[in-house]
Amino acid sequence: MSHLKHIFFDLDGTLVDSSKGIQESFEYSFKQLGKECPEESIIKSFMGPPLEVSFASVLEESQVPEAISYYRSFYKEKDIWGVRLYEGIPELLTAGYQIYVTTSKNQPTAQDLLANLAISEQFDDIFGSLPDSFHKADVLRRALQTLDANSEETIIIGDTKFDIIGGKEVGISTLGVLWG
C-alpha cells in the first residue's frame, strides 16, 4: 500500500454499524406516507444505494422526495445516536494515510454522524451524497476532482457491490470488507 496517497472509506457497513437506524428510518418513512413497509429483505437491499434509488424502486416518483425528507428527519433526530463504530476502526484511522469518507449517505448527515462519534477530525474530508451527485461513482468522482487525486494512488474500501462498482467506474482500486 506504499503507493497509495488517498484512502476512501465507505461509511455505513464499513466504518460504522448503522443498520438498525437505517431500518427504523425506512419503516418510519413508509408509515408517514401511509404505505405498507416492504419486507425486511427488501429493506436490507436498500442499505448501500442512495435513498433516491431505493425509494424509487418501491414508490411513485412523486412520493420519493417526501419519503427522503421523512427518512432524513427521523434518522437525524433518533437514529444517528445509535450508530456504533466497528471494533478496530479507531486504531485503523491512525495509520498515517490521507483518509476520506465517501458515502452515499447525505453529506451533512454523514458529517454529523462522524462528529457524534468523535472521529470526524481524523478524516481529511468527508464526501457524501448531494442533490446533484448521489450515486457512489458521482461521490467518488467529486472527491477525486476536489482533491485533484490521481486514480492510481487512490483506493476505496467498502462493504457493498455499490462501493466496488463505483470504484471501478471511476478507475480506482477497490477493497471489500466482509463485516458490513
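**Close-up views of a predicted model**

**View 1. The surroundings of Phe-123 in the predicted model.** Phe-123 counts as buried because its relative accessibility is 7%, below the 20% cut-off for that class. The residue belongs to the loop that lies between α6 (107-116) and β5 (125-129). When neighbours within four places in sequence are set aside, the contacts of Phe-123 are Phe-9, Leu-15, Leu-93, Ile-99, Tyr-100, Val-101 and Leu-114. Of these residues, Val-101 is 22 residues away from Phe-123 along the chain, and their C-alpha atoms are separated by 7.1 Å.

**View 2. Strand β6 (residues 154-158) and its burial.** This strand is largely enclosed by the rest of the structure, because 5 of its 5 residues are buried. Both faces are covered: Thr-154, Ile-156 and Gly-158 are buried on one side, and Ile-155 and Ile-157 are buried on the other.

**View 3. The strands paired with β6.** Strand β1 (residues 6-9) runs parallel to β6 and is joined to it by 4 bridges. Strand β7 (residues 173-176) is likewise parallel to β6, with 4 bridges between them. Ile-156 of β6 stands opposite Phe-8, and its bridge partner in β7 is Thr-174. From β6 the chain passes through helix α8 (residues 161-170) to reach β7, forming a right-handed β-α-β crossover.

View 4. Among the elements of the chain, the highest mean pLDDT, 98, belongs to helix α7 (residues 136-147), and the lowest, 89, to helix α5 (residues 89-92).

How values were computed: Residues numbered from 1 in each chain as written. Predicted model: local features only at pLDDT ≥ 70, side-chain atom pairs only at ≥ 80, totals over all residues. Heavy atoms only, no water. Buried < 20%, exposed > 50% of the residue type's maximum accessible area, 1.4 Å probe, protein only. Helix = DSSP H or I, 4+ residues; strand = E, 2+ residues; numbered from the N terminus. Pairing = 2+ DSSP bridges. Right-handed = clockwise from strand over helix to strand, strands pointing away. pLDDT = per-residue confidence, 0-100. Contact = heavy atoms within 4.5 Å.
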